[in-house]
Each structure stands twice: as C-alpha cells, then as structure tokens.
Amino acid sequence: MSPVTSTLDTWNATDEAARAELLADHWSEDCAYVDPLAEVQGREAVGMTIQAVHAQFPGFVFTSVGEVDAHHQQVRFQWGLGPDGEEPVVVGFDVVVVDADQRIRDVRGFLDKVPA
C-alpha cells in the first residue's frame, strides 16, 4: 500500500478499532504528526488527533487532490476534506516520510484552504 493510500485510509477510518489496526499496520510505533493545529508523537496520539478531526467534521472524507510527488523515502501530496463526492472545504498538503519497512514515520502537514 502506498504511503498516500495508507495515510488517507487511516484518516478516513471512523471506526476506532479499524483505525487502530491501520495505525499498527502502516505507521511506525514512534511516528510523528505535525500540522498547524497539532503536534503529536506515537500511534495512540495520532489516532486521537484523527478522532478529534472526525468529531469536528462528521461525515467528511479525505481525498487525494492533484499529483503525487515522491523520491527516496518521502512523498508529498495535496488532499481535500469535505462531504463525500463534493468540493473539499479544507485543502492541505502533506509530506510523508516512511521508514525502512515502508511504515509512516513522519508526517508534516500544511493547510492551504480552511473555512472562514
């Protein structure tokens, strides 16, 4: 599974058990996630951050927007967050770094478009 797919699948998992399984399978134990609103370390903290986003934007989904650019152990991509099948209300940009086992080790996120 690509880092982009792993990232988006994890962020789209609304079921806590399914999300925990995705984190265990595709994220390193000491993973880090940083964006303008959060800075967390470890799978449990990433899971709690995702849960908070679902509480703030119930029913919204993350989708890939545009081209993916990758080299070495890192990938960058733009994503959208919005109601399924509709124009995203939030657009962001992530750089994902994977470890030697292709597990997500580090995510650096930026917000390009946010609701007023």
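Me: What share of the contacts in the protein with a separation of 6 or more comes from residues 24 or more positions apart, and what makes a pair of residues a contact?
Reply: Residues 24 or more positions apart account for 41% of those contacts. A contact means heavy atoms within 4.5 Å. The structure is a predicted model, in which local features need pLDDT of at least 70 and side-chain atom pairs count only at pLDDT 80 or more, while totals for chains, interfaces and linings use all residues. Residues are numbered from 1 along each chain as its sequence is written, and side-chain values use heavy atoms, with hydrogens and water left out.

Me: How many helices and strands does the protein have, and what makes a run count as one or the other?
Reply: There are three helices and six strands, in the order α-α-β-β-α-β-β-β-β along the sequence. Both are DSSP runs numbered from the N terminus: helices are H or I with at least four residues, and strands are E with at least two.

Me: Why is the protein called as compact as a globular protein of that length?
Reply: The radius of gyration is taken over C-alpha atoms, and the globule rule is 2.2 Å times the number of residues to the power 0.38. For 116 residues the rule gives 13 Å, and the radius of gyration of the protein is 13 Å, close to that value, so the description applies. Along its principal axes the C-alpha trace spans about 40 × 30 × 25 Å.

Me: Why is D106 called buried?
Reply: Buried means under 20% relative accessible area, exposed means over 50%, and partly exposed lies in between (1.4 Å probe, protein chains only). D106 has a relative accessible area of 13%, and is therefore buried. Of the 116 residues, 41% count as buried.

Me: Where is Q102 found, and why is Q102 called partly exposed?
Reply: Q102 is found in the loop between β5 (90–98) and β6 (104–113). Phi of Q102 is near 65°, also a positive value in a residue other than glycine. With a relative accessible area of 46%, Q102 is therefore partly exposed.

Me: Which residues is P115 in contact with, leaving aside its neighbours within four places in sequence?
Reply: P115 is in contact with V89 and V90. P115 lies in the segment after β6. The C-alpha atoms of P115 and P88 are separated by 10.0 Å, although the two residues are 27 residues apart along the chain. P115 counts as partly exposed because its relative accessibility is 45%.
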